[in-house]
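Dear colleague,

I am handing over the structure below, and I would be grateful if you could read the notes that follow alongside it.

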Amino acid sequence: MIENTIRSFIVDELNANGSSERLADDYPLLDRGVLDSLGLFQLVNFLEDEFGVEVQDEELIPQNFGTVRDIARLVQAKRADVT
Amino acid sequence: MSVGGVTRTDTENSLREEAEFFWSGDQALFGFRHMPLGRARAGILICSPILAEFGLHYRREFVLGRRLAADGFAVQRFHYRGTGNSGGEAAEVSLASLQEDALTAGRRLAETSGLPLSAVVGTRLGAFVAARVAGQLGVEALILWAPIADGAHQFREAFRARIIADLLNTTSTPQSRDALSEELADRGRVNVLGYTIHRTLYESLVHRKLEEELKSPPPFVLIVPFGDTTQRKTSYEKIADACARRGSAVALGSVARDEPWWLGEREQEGSVGSHTFTEAVEPTRDWILEVLGEEAKSR
């Protein structure tokens, strides 16, 4: 599941506070400071590497990275584009 | 010719360190040399990165220099023109000027140690410089720390870092990559999180690939990735394969964690800095000892 992969990366690699269970799909990552600039930068690189997608600059907007669900939606849309 | 040299002797570690200015064209380069107290076995030049990564890797390169000097090697570090403590203008820095400064620093090491250059180390963008110098001087060994494989990719990441920082800064409006490129073309420079990328450097590097700088690689090449993403692995394996096809014995090192650049390092336990510090320095030292002479280890 894409959401779990993203969540694990945020918790394990970006060392976000709390457990992956507590980081719900709709938890506000940007508003609550879970993702800072470095974290977001690393997350984008991770998405590209893990899911084989390329995130365009114009896609770097809060609507795409506000929550785990938003990020998963972006990845799914981009994977659909690829296939 | 050099000016203003100062020397510190460290008898406990059997080395001395010399800081000085020497000349590249009409500008003073700042140099720092790590020398063994006895006769040096071989000369090694370290080519640093620039901009945000200059400071990020500084201490690691310093420690590598010290460790190698204690093992009997003469090691030269330096600041390129337009960077750090050296003279010159940042706006005039290009891949060619970086290469010229590295050659000057290599010559300075040869003058002071009485030894030809045997190995070159390059970190990040310094890998491009090191690869060029290694090819030009015909050294024995080339060490590439987290090398930038593709100039275009480097600038893409830099612009992305700026866009992301703007995104999270409520007082800034994120600019697109195209807008940043236009700013670079129109104004001759663009700001990326406090670091200025000048058009001269951009144009000299954006179409360059490291693999193309390694047409005549040295007999021994060590590539040390920082981090293990698939993209990075693939690009480094490609470089390693190219060097091997051209006759080099290539080793691929491993440093588990990525080094975050531009955006800095997190302050927390087990931070990337502490990981990459020892993971990069010690295996590199061991590899150099193996390649350039095991007997140096027993000094």
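Two strands are said to pair if DSSP finds at least two bridges between them, and strands themselves (E, at least two residues), like helices (H or I, at least four), are DSSP runs numbered from the N terminus. Please note that this is a predicted model, in which local features need pLDDT of at least 70 and side-chain atom pairs count only at pLDDT 80 or more, while totals for chains, interfaces and linings use all residues. Residues are numbered from 1 along each chain as its sequence is written, chains are lettered from A in the order in which they are written, and side-chain values use heavy atoms, with hydrogens and water left out.

In chain B, strand β4 (residues 42–47) runs parallel to β6 (residues 117–123) through five bridges, with B:Leu45 opposite B:Val120. On β7(B), residues 141–145, which is likewise joined to β6(B) in parallel by five bridges, the bridge partner of B:Val120 is B:Leu142. Seven of the seven residues of β6(B) are buried, that is, under 20% relative accessible area, against over 50% for exposed and partly exposed in between (1.4 Å probe, protein chains only); in β10(B), residues 220–224, four of five are buried.

Elsewhere, A:Glu58 lies in the loop between α2 (37–51) and α3 (62–65) of chain A, and is exposed because its relative accessible area is 59%.

Best wishes
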